[in-house]
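Dear colleague,

Please find below the sequence and the structure that I am handing over to you. My findings follow directly after them.

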Amino acid sequence: MDKFLIQGGKPLKGRIEVSGAKNSALPCLAATLLTPETVTLHNVPYVKDLITQRRLLEDLGATVLTPELRTHKITAKNIETFEASYDLVKTMRASVLALGPLLSRFGKAKVSLPGGCAIGTRPIDLHLRAFEQLGAEVSLESGDVVATAPKGRLKGAEIDFGKVTVTGTENVIMAAVLAAGKTMIRNAAKEPEIEDLAGLLVKMGAKIAGAGTDTIEIDGVEELGGAEHSIIPDRIETGTFIVAAAITDGELEIAKCEPRHIEAVIDQLSRAGVDIETIDKSTLRVRRRASGLKALDVTTEPHPLFPTDMQAQYMTLMTQAAGRSTVTETIFENRFMHASELIRMGADITITGNQAVVNGPKKLTGARVNASDLRASASLVLAGLCAEGETIIDRVYHIDRGYESIVRKFRAVGADIERRSEQLDGEDGFEV
Ligand code: EPZ
């Protein structure tokens, strides 16, 4: 298993580019199942989760061509099976995003029910209940969700989510676009990735209004066509790079990003002592303010508030801030796995239920630490970059799931970080 070796204490300086958003590319690739025509997606990030999603589409019978590494030409003309296997779903929960489009276009789908993951139990009950409201029959058979549209086509309905769910909203949008009649989704998730998915679907001929708000209206159509679309920048990667500049006391120009999508993150970090300048509509210049980092409480909430996917990175920053801060996690019940590793590096963190109290600044010292999930591993890389001495991070396959070429990108701005692969095929096992 790959690991990272980091010699900390070097300020990051220079220009770093943001890749396409994993959490938009995943539903956009799934959406290509809604049409037999070719859909071309640009700015698809080269990360493990997208390779898994591509494999899922090919297993179903779609053809996926990549004229360029980050351009996918997908044609779901000859779909032969409607099943997403356990082997795939167990590696990536987002495989459940195949349910909506398969059910919508073919009236049947079978997807292994995803188990829990490191950050929480993560049920999909809200997805399944919504499919039933759209007229599907849903059952669980030997660990698989089996869904059929008895009349061959789903029927529009009023869906009111009891809780905000991102992939639940995406799955229902994709189920409703080919349903008979109108669907209203209330208490919908408002993440930018949902707007991006709706943007692609509208180019394919769908009728959707209100994406990005908590009320989405969809008028079902008979069929959808091909389209060409570019995936939005990854707002969580952008936030991670902002913290990287501040925690190493460096200066980064973060390019190809979309500041509009992370206003809550920019606001929180600015008030915590990070100078974030907008150079142009897709470039930020970031450095720590001379007055230093100051402790500031944060609570994770659905978009447009502070994202849970930035919580671990923020906690690491707070270990270097003057004072006491409280980090409250309201989305996932078990998303503090990184805290115990940060404590091993010398951080002062106390966890009580869904709250972490951080006292800083505390000097971090390099240690051997374990990554437990995607964002936790990003927070350990940030800790290693500012720690004294060497940090070794094990199980970095987690970070390869959602960050493209993180070693190459950080090295290009002065970080002393290397990947050690046991395959011994040279240093950068999964970097392009
Ligand atoms: C998406 O996960 C993201 N993943 C997650 O990013 C992100 O953390 C999360 O949204 C919240 O922003 C993708 O987009 C692929 P939810 P999702 O359904 O859709 C509960 C990353 O690091 N819930 O919005 O699975 C659920 O347990 C990943 O890139 C139900 O109870 O999250 C959670 O507590 C990690 N029943 C809350 O709602 C349901 O049917 C929000 O989950 C669905 C969700």
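Which residues does Glu-341 touch, if residues up to four places away in sequence are not counted? Please note before reading on that this is a predicted model. Glu-341 touches Arg-368, Val-369, Asn-370 and Leu-380. The place of Glu-341 is in helix H11, which covers residues 337–344. Its neighbour Val-369 illustrates how the fold brings parts of the chain together: Glu-341 and Val-369 are 28 residues apart in sequence, yet their C-alpha atoms are 5.9 Å apart in space. With Asn-370 there is a polar contact, in which a polar atom of the Glu-341 side chain lies 2.9 Å from the backbone nitrogen of Asn-370. Glu-341 has a relative accessible area of 13%, and the limit for a buried residue is under 20%, so Glu-341 counts as buried.

The ligand

The shell around the ligand holds 21 residues, and those that come nearest are Asp-125, Thr-165, Thr-167, Asp-309 and Ile-331. By type, the shell divides into nine nonpolar, five polar and seven charged residues. Four helices each supply at least two residues of this shell: H1 (22–31), H5 (125–133), H6 (166–176) and H12 (374–386).

For Arg-375, an N or O atom of the side chain is 2.8 Å from a ligand oxygen. For Arg-122, the distance from a polar side-chain atom to a ligand oxygen is 2.9 Å, and for Arg-335 the corresponding distance is 3.4 Å. The ligand taken alone exposes 830 Å², of which the protein buries 89%.

Aromatic pairs

The count of aromatic pairs comes to three; I describe two of them here. In one, the ring centres of Phe-82 and Phe-106 are 5.0 Å apart and the planes stand at 50°, so this pair is tilted. Phe-82 belongs to the loop between strand S5 (71–75) and strand S6 (83–84), whereas Phe-106 belongs to helix H4 (residues 99–106), and the two are 24 residues apart. Phe-82 has 19% relative accessibility and therefore counts as buried. Phe-106, at 24%, counts as partly exposed.

The other pair, Phe-241 and Phe-410, is edge-to-face, with 5.6 Å from centre to centre and 70° between the planes. Because Phe-241 lies in helix H8 (residues 235–247) and Phe-410 in helix H14 (residues 406–412), this pair ties together parts that are 169 residues apart in sequence. Phe-241 is buried, at 1% relative accessibility, and Phe-410 is buried with a relative accessible area of 1%.

Helix H4

How many of the eight residues of H4 are buried? Six of them are, so the helix is largely enclosed by the rest of the structure. The buried residues are Leu-99, Gly-100, Pro-101, Leu-102, Leu-103 and Ser-104. Their cover includes the helices H1, H2 (48–60), H5 and H6, together with the strands S7 (108–112) and S9 (144–148). After H4 comes Gly-107, which has a positive phi near 70°.

Two buried threonines

Thr-248 is found in the loop between H8 and strand S15 (251–255). With a relative accessible area of 8%, Thr-248 is buried. Its side chain takes part in two polar contacts with the backbone. A polar side-chain atom of Thr-248 lies 3.2 Å from the backbone nitrogen of Leu-12, and the side chain of Thr-248 reaches the backbone oxygen of Ala-245 at 3.4 Å. Leaving aside residues up to four places away in sequence, Thr-248 touches Lys-10, Pro-11, Leu-12, Arg-288 and Leu-385.

Thr-35 is placed in the loop between H1 and strand S3 (38–42). Is Thr-35 buried or exposed? Thr-35 is buried, with a relative accessible area of 0%. The side chain of Thr-35 reaches the backbone nitrogen of Glu-37 at 3.0 Å. Beyond residues up to four places away in sequence, Thr-35 touches Ala-76, Arg-105, Met-204, Leu-224, Gly-225 and Gly-226.

Yours sincerely,
A colleague

Definitions and conventions:
Residues numbered from 1 in each chain as written. Predicted model: local features only at pLDDT ≥ 70, side-chain atom pairs only at ≥ 80, totals over all residues. Heavy atoms only, no water. Near = heavy atom within 4 Å. Polar contact = N/O pair within 3.5 Å; in protein donor to acceptor, adjacent residues only side chain to side chain. Areas by Shrake-Rupley, 256 points an atom, 1.4 Å probe, with all protein chains shown as cover. Nonpolar A, V, L, I, M, F, W, Y, C, P; charged D, E, K, R; others polar. Phe/Tyr/Trp six-rings, centres within 6.5 Å; stacked < 30°, edge-to-face > 60°. Buried < 20%, exposed > 50% of the residue type's maximum accessible area, 1.4 Å probe, protein only. Contact = heavy atoms within 4.5 Å.
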